[in-house]
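Here is a briefing on one protein chain. It covers the fold, the surface and the charged side chains.

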Amino acid sequence: MDKIKRKQLTYRLLSLPVSILAIVVVYYLNIPNPMMILIIPVVLFTYLEGYISGLLSGCSAIIYSSYFFFVATSDPAAMGKLSTILLAVFTIIILVGKLKAHDKQAVAKLQQAHAELLLAKDAAEELSRAKSSFLSTMSHEMRTPLNAIIGMTTIGKKAADMEQKNHALIKIEDASSYLRGVINDVLDMAKIEAGKLELAMLPFDFTKMMQKTLTILNFRTDEKRQKLSMSIDENIPRFVEGDDQRLSQVILNLAANAVKFTPEGGDISLSAALVSESTENITLRFEVIDNGIGISAKQQENLFQAFSQAESGISREYGGTGLGLVISKRIVELMGGDIVVESELGKGAHFTFTVVLRRGEESTRKSCCVAGEGHSFTGKRMLLAEDIEINREILIALLDDSGLIIDCAENGKVALEMIAAAPEKYDIVFMDVQMPEMDGLTATRQIRALPALKDRPLPIVAMTANVFKSDIAECMDAGMDDHVGKPLDIDRVLEVLCEYLG
């Protein structure tokens, strides 16, 4: 600012002597039309600095013009000519001044645009570095379990006794579960960036959900000999309405981080409390507290940003994609709440989040299936429409001891022909969506149009990797009754079979 002021003062000081110099030149050269030269300083200094310097130059020109017309030439039309000169000088000053102001604004806008481009460039480069680091982390996070799956498969095939084979299978199962978690995080992140992460509002047993979450966490804390405690406010209604899977996902994300960043023998606590309630909604507060490594204030700034962990060394030492907290924050926001963290390095972390749920009633949709129990569907027949052989093989093997008879169709067209040929034969259909010749949606529409099934509802269940809410809605619109996502969860498959086959 001081530099600009000094520049303005310089132009103002120069405007008078330069104008006087022009007058001297005009006077001694006896130029018949002095205004052609005298107007040059007016234009020059108005444009260089603005109105003040222009007026100083203009006053010099007007003073000399008065002398020239009234004294030097004794022009009888002096007053009229001086008036014209006055008007011309002020008009020039105003027009050139506006031009200068416009140019200043244009330059200011260009400078601002340039600054914004530099900021955008820096932000883009930072995002590019973050994504490159994230992709490197993701490559590691996916290749590590994949290496375990491939390696343990080879070991299991070569193993001479069942104990070694079972050990290999357990390791393959663990690695597969971890890999599925990584893929689910990536898919959830894609939904968030596309604005498609949505909630399924269904009634559920809150206590049961928390106990199931505790059971999963106990496996992790037992491995590190950590103490895990949980408290549930007795005022929380047992049955509420919301997305229990997403709520459980947030709790597990936070608790899994607590387990990961807390040393062996550490303490972790999980609590749920009723904050407020109305006739329709309840607000709950969840807290996850640990006495682990803690998080610095600087690290907390990026904690809920995509493609980053607290610091790059964290991913190398502890593993993880760095997406869990980002996903959790978005889920909590969709549930009408917020998530915050209080932590210091070496003093553990305290995560708190709130959600708003609806009051609910006990669901009338009950399942006869309990994980780990045997299930019999003897005498029932399923048509499995799936074009990939290994997927058919997996479902058949999973249901091998259920008594269910399973026929297979390689695509939707074959499934349609088999049902049209024997409409009473099948009790349920598991239908893949993406298949050659005829996809599952088209096949379902044509099956629903069969006259023989007009008075006999045949349950058709979508079995597909398309798990976005819009994809599920599309299946329902085509006439399907339910949805089972891939990779298959046997408990979910049994739940659906129980519901439709009794």
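Accessible areas come from the Shrake-Rupley method with a 1.4 Å probe, and for residues only the protein chains shown count as cover. On that basis the protein chain has an accessible surface of about 28400 Å². Carbon and sulfur atoms account for 58% of that surface.

This is a predicted model: local features need pLDDT of at least 70, side-chain atom pairs count only at pLDDT 80 or more, and totals for chains, interfaces and linings use all residues. Residues are numbered from 1 along each chain as its sequence is written, and side-chain values use heavy atoms, with hydrogens and water left out.

**Fold and burial**

- The protein chain holds 15 helices and twelve strands. These are DSSP runs (helices: H or I, at least four residues; strands: E, at least two), numbered from the N terminus.
- Of the 502 residues in the protein chain, 39% are buried. Buried means under 20% relative accessible area, exposed over 50%, and partly exposed in between (1.4 Å probe, protein chains only).
- Take the contacts (heavy atoms within 4.5 Å) between residues at least 6 apart in sequence: 71% join residues at least 24 apart.

**Negative patch**

- Glu173, Asp174, Asp222 and Glu223 form a negative surface patch. The elements giving two or more residues to the negative patch are α5 (162-194) and α6 (206-223).
- Patch residues have over 30% relative accessible area and no salt bridge; like charges are joined within 9 Å. Asp and Glu count as negative, Lys and Arg as positive; His and the chain ends are not counted. The place of a charge is NZ of Lys, CZ of Arg, CG of Asp or CD of Glu.
- Asp174 sits in helix α5. Asp174 is partly exposed, at a relative accessible area of 46%.

**Salt bridges**

- The structure has 20 salt bridges. Each is a side-chain nitrogen of Lys or Arg within 4 Å of a carboxyl oxygen of Asp or Glu.
- Arg225 and Glu264 pair at 2.5 Å, N to O. This pair links distant parts of the chain, 39 residues apart: Arg225 is in the loop between α6 and β2 (227-232), Glu264 in the loop between α7 (244-260) and β4 (267-277). Arg225 is exposed, with 59% relative accessible area.
- Asp338 and Lys329 form a salt bridge at 3.8 Å, N to O. Asp338 is partly exposed at 40% relative accessibility, and Lys329 is partly exposed at 23%.
- A network of salt bridges links Lys329, Arg330, Glu333 and Asp338.
- Lys347 meets Glu344 in a salt bridge at 3.5 Å, N to O. Lys347 is exposed at 62%, while Glu344 is partly exposed at 48%.

How values were computed. Patches are made of residues with over 30% relative accessible area and no salt bridge: like charges are joined within 9 Å, nonpolar side chains (Val, Leu, Ile, Met, Phe, Trp, Tyr) within 5 Å.
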